[in-house]
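Trainee: I would like to learn how to read the features of a model like this one. Could we take them one at a time?

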Amino acid sequence: MPTIAGSEKSECIETPRKRKLRSEEVSLLSEDTISTPKKLKSRQRIAVSNLRTPDKEVKQDSHENLAVDSLSDCLGSESRDEDQMRAVKEALHVSKAPSTIVCREDEHRRVFEFVKGCLDQQKAGSLYICGCPGTGKSLSIEKVVKQVGDWSKQACLPPVDTLSVNCTSLTKTADIFSKILEIVEPVKEDNCYSSPLHRLQSLFSQKQDSSSRMMLIIADEMDFLITKDRGVLHDLFMLTIFPFSTCILIGVANAIDLADRFLPKLKSLNCKPMVITFPAYSKDQILRILQERLMVLPYVAFQSNALELCARKVAAASGDMRKALSVCRSAIEILEIDIRGSPGPESQGPTPDNPVVRMDHMTAALSKTFMSPVVDTIQTLPQHQQIIICSAAKAFRGSKKDATIGELNKLYLEICKSRVISPAGITEFTNMCTVLNDQGILKFDQARGNKLKRVSLRVDESDITFALQELSSVRRTSSLQWKTSCAKNSRAKM
Amino acid sequence: MGNENPAEKALNLIRGRLCDPTFVFRPLSASSDSNYSKLKFIVSTSVTEGCNNSILLLGPRGSGKAAVLDLVVGDLMEEYPDSVTLISLNGLLHSEDNCAFKEIARQLCMEHHLLFSKMASFDENSQFIIAMLRECGLAHKTIIFVLDEFDMFAQGKQRLLYSLLDAMQSVTSQAVVVGISSRLDADQLLEKRVRSRFSHRKILFLPPSREEIDSLLEHLLSLPADSSFPSGYVSQFNEKIKNITSDTRFKDMLKTFLNANSTVNSLLKFIFRAVSSMNLESGLLSLENFKTALSSMQRQPKLEAVRDCSILELYLLVCMRRLEVKEQSSYNFISVMKEYKTIHDSFQTSDFYAQNVCLRAFEHLREREVICYAENRGQSQAGEYRSMKLLISASELHQGMRSHACCPVSLHFPSFYFCQLTSLATLFRTSLQFCYAVRFLHLSVTSMSRWREYVNLRLTCSISDYKQRSSYNLQDLQVGNFIYNTQPHLIKSPPDLRITPYAKNCDSQQRHLNAHINSPHPDQISYVCVLAPRSLLSSPTLQPHLVACLTNAPR
């Protein structure tokens with residue numbers, strides 16, 4: 001895979017850049033001839049960009065050409081921007097499953113091979129799939145299920161029963177057995193004397209009639225099945241080692257070592273499930289998936305370096321595809337607001353003919369997604385609350401982790417005095433501490449006495465210093481004003 | 001009631017406005033940069049384009065998160081009357097999964113005129129919800145889930161959040177999940193699979209800016225011109241409001257108030273109080289109204305308790321505070337009485353009370369919870385012998401004493417050395433009451449350099465008429481020969497002020513210093529106060545010396 005992917009990757013990175021360059025050329029051209037209608041332009045560009053792209057893309061683009069024709073014919077140029085945006089947003093929405101899975105070919109193949117092997121031999125088996133959220137686990141499994149259905153039809157095997165359960169939707173963990181039983185035994189017999197699990201176990205330990213079909217069980221978010229004694233999870237995997245079992249079990253969860261940690265007994269029985277790990281997406285993979293999604297569109301919606309920035313940032317943070325998509329979507333929204341804000345009288349001339357998400361949009365979207373609201377909030381807090389945070393940061397600078405409200409108040413008063421600010425009373429002080437506690441900046445311990453409550457700081461000290469440093473220049477002037485006003489007041493009193 | 005007084009009517013109108021969040025937040029949401037338009041943009045795109053979304057609204061309590069959301073939802077309901085459904089949950093009520101699903105199912109049934117069964121199980125409810133989501137998605141109806149107190153949902157297995165946000169991932173549903181929380185780290189509380197499904201959109205509610213507050217005040221307080229009020233009254237009222245809001249005193253007051261808590265809600269409370277104390281006869285608001293509102297909102301009950309104490313009780317409190325400063329960790333009534341006697345001896349006050357009177361005062365203090373027993377054990381002991389502790393801080397005691405109507409001056413002095421010296425300085429500067437002749441004050445200084453650096457000698461002199469007061473900062477004071485190069489007017493003004501070295505043991509490590517005041521009229525002369533930073537005063541070498549000095553104050 002790496003070799004193939006490598007060559008593909010390089011193409012993928014290059015093509016949008018080329019496209020962009022060309023689009024710029026085109027836009028330069030079009031500025032000379034202002035009256036050129038927009039649809040012509042876009043078609044022109046596509047034609048140009050088609051020149052040196054691989055055959056596969058050409059095919060797609062020719063499709064798109066048709067699509068653009070039909071699209072642009074029925075729409076005025078006014079609403080075209082909006083419709084483009086909408087199309088881009090739709091293409092990037094998480095709910096839209098991509099038609100082909102890229103960057104997960106290897107894992108996909110392994111899962112499929114496993115299921116195929118089991119079906120070939122009419123043998124039960126178990127598989128555990130793990131990986132961080134947003135790495136395409138459920139998506140790949142869905143595709144595998146579809147593929148298995150097609151394949152078994154082709155191979156003239158009896159159709160496979162499939163049961164996909166999202167374990168979060170189970171009320172009781174043991175409900176999964178009754179769901180399995182419903183499929184194994186669609187005709188409900190009078191079996192109130194035994195639990196579904198017992199019934200299944202007895203079914204699988206006897207020789208059944210030859211017509212029995214294989215069953216594919218997919219348990220998504222499997223860690224919801226973990227109970228105190230791990231009984232349910234254990235029993236579920238044990239179903240696959242009964243002599244006449246027909247289950248192919250695929251468990252999906254985040255934890256990498258779920259099978260090792262919770263199923264030590266299976267290991268001793270030498271029937272540990274096979275484990276396939278879905279690694280977090282790398283920067284190149286994210287980029288490729290994004291491009292794949294945008295490929296459907298007949299125009300360039302993102303500057304390639306903007307996309308790359310997004311991919312880099314997300315890959316460095318978590319490698320979560322959902323996050324990358326949501327960042328791109330919010331970048332589009334920022335662009336949309338930009339366009340909506342700017343138009344008006346001069347909308348004909350200088351507005352960019354084709355709205356493209358540039359670097360600045362992407363950076364805005366990224367900072368919106370990744371920046372914590374703490375800094376902004378601290379900067380806009382009222383003065384006294386800022387002083388409280390300051391004193392808390394001062395108090396917990398060393399090894400100390402918490403202090404009582406009384407101690408914090410002492411520090412607060414010191415700061416107030418050094419700044420010549422009249423301090424608030426203890427009741428108000430406690431109120432302000434409660435406000436900060438509500439916001440998750442401070443944390444109270446549960447204690448009875450008001451003054452004896454222990455307080456600890458929840459936000460990072462560096463955040464506080466950063467936030468307040470930026471303010472300090474402003475603060476200096478304001479505190480000066482404050483001082484002078486104080487002086488005036490005292491003079492007035494005298 | 002047609003013949004209502006216009007003042008009363010105006011009062012009712014303004015109060016009604018203050019209690020109506022839509023009225024308050026409407027002007028704040030006008031600009032395109034406001035949270036209202038941001039939120040409306042996101043929600044309306046999912047209504048029109050049918051895509052799912054999730055948003056978190058973050059901000060302190062009372063910053064108008066729910067109010068703005070209500071505005072947005074209300075407007076959308078008007079715009080798209082049949083395609084918006086609102087489901088609202090509260091984390092305080094529905095944080096439990098089963099209960100939350102039931103509530104969602106119930107509200108969905110209400111909305112679509114279906115029969116809701118109370119007996120439905122968790123499974124049935126969740127299946128019903130998924131089915132309803134699909135149906136609504138097909139019918140292009142948007143469901144808006146509002147989760148108030150969002151952080152409460154992020155407990156345990158977060159099944160509700162998972163299933164809601166997971167439903168957002170499918171094409172068939174058309175819904176928006178709006179979380180409201182005052183916890184800034186609300187999205188960090190989510191489990192990672194839930195967080196991954198959350199769209200990471202956050203709208204931060206920050207306190208309003210100064211301009212916004214100004215326009216809000218005008219919006220709230222001015223009467224409408226086209227109303228049933230007499231026209232003269234309206235113009236008079238609005239004129240008055242304009243006067244008040246442009247007054248610098250009002251601005252200062254507003255600033256002190258907003259410095260403590262700047263959310264919109266607290267501002268509304270403040271205005272409400274001010275408006276409620278409006279004079280109905282004149283029918284106009286005045287600056288006084290706002291002043292009383294401010295003082296009633298910034299109450300300090302403990303300070304008031306000290307202010308209302310009798311003089312004997314004050315003596316007892318000061319004694320206890322002195323004992324605490326002497327680092328006597330536990331003390332009881334008997335030791336407090338001993339301290340009381342010392343003070344009395346050193347100052348020769350005329351008001352010395354017998355022990356039983358003091359005990360009554362002591363009990364009284366305990367009933368008011370200004371002091372209490374240090375521990376619950378030892379209830380068999382008589383009250384005098386049980387160890388006590390103060391429930392008020394030093395600064396509260398001081399402020400209370402300062403604002404006390406007839407606190408004897410002698411009481412202030414014994415409490416000087418424990419108070420923070422910066423507050424001492426303000427004490428001297430502000431109150432004439434303290435012009436009490438303090439003859440000398442010894443100060444031992446550990447080293448020359450520290451003296452130079454730290455000691456900040458402040459002379460506060462009150463001359464015979466007790467009116468001309470001035471304070472000087474003798475930073476360039478030299479200890480060795482006590483020559484000070486001060487401003488010329490200082491040397492001129494108090495001719496009878498001389499500072500001499502107390503002891504001449506010129507050990508560079510330890511110097512004793514005496515600020516001595518010579519005066520022909522001892523009662524006219526003020527005092528010299530040597531101020532040092534607290535670190536110096538609390539140094540172990542200094543403390544006993546000072547205490548001794550204070551107790552041996554000359555008659």
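Mentor: Begin with burial, which is judged from relative accessible area: under 20% is buried, over 50% is exposed and anything in between is partly exposed, with a 1.4 Å probe and protein chains only. Val314(A) has a relative accessible area of 0%, so it is buried. This is a predicted model, in which local features need pLDDT of at least 70, side-chain atom pairs count only at pLDDT 80 or more, and totals for chains, interfaces and linings use all residues. Residues are numbered from 1 along each chain as its sequence is written, chains are lettered from A and ligands numbered from 1 in the order in which they are written, and side-chain values use heavy atoms, with hydrogens and water left out.

Trainee: In which element is Val314(A) found, and what does it touch?

Mentor: Helices (H or I, at least four residues) and strands (E, at least two) are DSSP runs, numbered from the N terminus. Val314(A) is in helix H13 of chain A, residues 304–317. Contact means heavy atoms within 4.5 Å. Leaving aside residues up to four places away in sequence, Val314(A) touches Ile286(A), Gly319(A), Asp320(A), Lys323(A), Ala324(A) and Phe370(A). Val314(A) and Leu366(A) are 52 residues apart in sequence, with 8.9 Å from C-alpha to C-alpha.

Trainee: How do I read burial for a whole helix?

Mentor: In chain A, helix H9 (residues 231–238) has 6 of its 8 residues buried, so it is largely enclosed by the rest of the structure. The buried ones are Val232(A), Leu233(A), His234(A), Leu236(A), Phe237(A) and Met238(A). Their cover includes strands E1 (125–131) and E4 (247–253) of chain A, along with helices H7 (175–184), H10 (258–262) and H11 (264–268) of that chain.

Trainee: How are nonpolar cores read?

Mentor: In soluble globular proteins, nonpolar side chains tend to be buried together. A nonpolar core here is a set of buried Ala, Val, Leu, Ile, Met, Phe, Trp, Tyr and Cys residues joined through side-chain atoms within 4.5 Å. The largest has 69 residues, and Ile388(A), Tyr412(A) and Phe145(B) have the most contacts inside it. A second, separate core has 62 residues, including Ile55(B), Val146(B), Leu217(B) and Met278(B). Returning to Ile388(A), its contacts, not counting residues up to four places away in sequence, are Leu408(A), Tyr412(A), Phe429(A), Met432(A), Cys433(A), Leu436(A) and Leu442(A).

Trainee: How many disulfides are there over all chains?

Mentor: A disulfide is a pair of cysteine sulfur atoms within 2.5 Å. A search of the whole structure finds 0. Cys390(A), for instance, is in no disulfide, and the nearest cysteine sulfur, that of Cys416(A), is 10 Å away. Cys390(A) is partly exposed at 32% relative accessible area, while Cys103(A) is buried at 4%.

Trainee: How is the contact between the chains described?

Mentor: The size of an interface is often given as the accessible area lost when the parts come together. Buried area is that loss (1.4 Å probe), summed over both parts. Chain B and chain A bury about 5,100 Å² between them, with 48% of it on carbon and sulfur atoms. Phe41(B), Leu184(B) and Arg193(B) supply 14% of the area that chain B buries against chain A, more than any other three residues. In residues, 54 of chain B are in contact with 60 of chain A.

Trainee: And what are the domains of each chain?

Mentor: Domain bounds come from an automatic or database domain assignment. Chain A has domain 1 (105–278), domain 2 (283–340 + 353–370) and domain 3 (375–472). The C-alpha centres of its domains 1 and 3 lie 53 Å apart. Chain B has domain 1 (29–204), domain 2 (209–297) and domain 3 (302–422). In chain B, 37 Å separate the C-alpha centres of domains 1 and 2.

Notes:
Buried area is the accessible area (1.4 Å probe) that two parts lose on being put together, summed over both.
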